[in-house]
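Thanks for sending this one over.

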Amino acid sequence: KRQTYAVNDDFSIGYHSHTYEQDSGTSASGKGTSDQESTGISASYTMGGMTLAVAMNNHENAKYQDGVDIKDTVFSVAMAF
């Protein structure tokens, strides 16, 4: 599920939520049978040829392993000449 909204011509916000199911034959050790759930929010602001963006993501049961949770935050600056 993904939703993105343009607040105005310069500013956008978004939210995503995904559940990934592991194929039964892809776990080599037999471990890691949990579904991976990922959610995140993002925002970007564009002014002329420059874009500032931030995204915060949360991944539960990363790599399909119970209790392996990852949180990340990404900041980005892009300039077009």
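**Notes on the predicted model**

1. Let me begin with Tyr45, which counts as partly exposed because its relative accessibility is 34%. The classes used here are buried for under 20% relative accessible area, exposed for over 50%, and partly exposed in between (1.4 Å probe, protein chains only). Tyr45 sits in strand S3; strands here are DSSP runs of E with at least two residues, helices are runs of H or I with at least four, and both are numbered from the N terminus.

2. A word on conventions. This is a predicted model, in which local features need pLDDT of at least 70 and side-chain atom pairs count only at pLDDT 80 or more, while totals for chains, interfaces and linings use all residues. Residues are numbered from 1 along each chain as its sequence is written, and side-chain values use heavy atoms, with hydrogens and water left out.

3. Of its 81 residues, 16% are buried. The chain exposes about 6,100 Å², and carbon and sulfur atoms supply 53% of that area. Areas come from the Shrake-Rupley method with a 1.4 Å probe, and for residues only the protein chains shown count as cover.

4. Which residues make the nonpolar surface patch? They are Tyr5, Val7, Phe11, Ile13, Tyr45, Met47, Leu52, Val77, Met79 and Phe81, and the patch covers about 1,100 Å². Strands S2 (11–20), S3 and S5 each supply at least two of its residues. Patch members have over 30% relative accessible area and no salt bridge; nonpolar side chains (Val, Leu, Ile, Met, Phe, Trp, Tyr) are joined within 5 Å, like charges within 9 Å. A salt bridge is a side-chain nitrogen of Lys or Arg within 4 Å of a carboxyl oxygen of Asp or Glu.

5. There is also a negative surface patch, formed by Glu21, Asp35, Glu37, Glu60 and Asp69. Lys and Arg count as positive and Asp and Glu as negative, with His and the chain ends not counted; each charge is placed at NZ of Lys, CZ of Arg, CG of Asp or CD of Glu. Glu37 belongs to strand S3 (residues 36–47) and is partly exposed because its relative accessibility is 40%.

6. His16, in strand S2, counts as buried because its relative accessibility is 16%. Beyond its neighbours within four places in sequence, His16 is in contact (heavy atoms within 4.5 Å) with Lys1, Arg2, Ser38, Thr39, Gly40 and Asn57. Ser42 lies 26 residues from His16 in sequence, with 8.8 Å between their C-alpha atoms. Ser42 is in strand S3, and its contacts, leaving out neighbours within four places, are Ser12, Ile13, Gly14, Val54 and Ala55.

7. Please look at the loop between strand S4 (50–60) and S5, where Lys63 lies. Lys63 has a positive phi of about 55° although it is not a glycine. Tyr64, in the loop between S4 and S5, has a positive phi near 65°. Most residues other than glycine have a negative phi.

8. Finally, Ala80 lies in the segment after strand S5 (70–79) and counts as exposed because its relative accessibility is 59%. Its C-alpha atom is separated from that of Gly48 by 8.7 Å, across 32 residues of chain.
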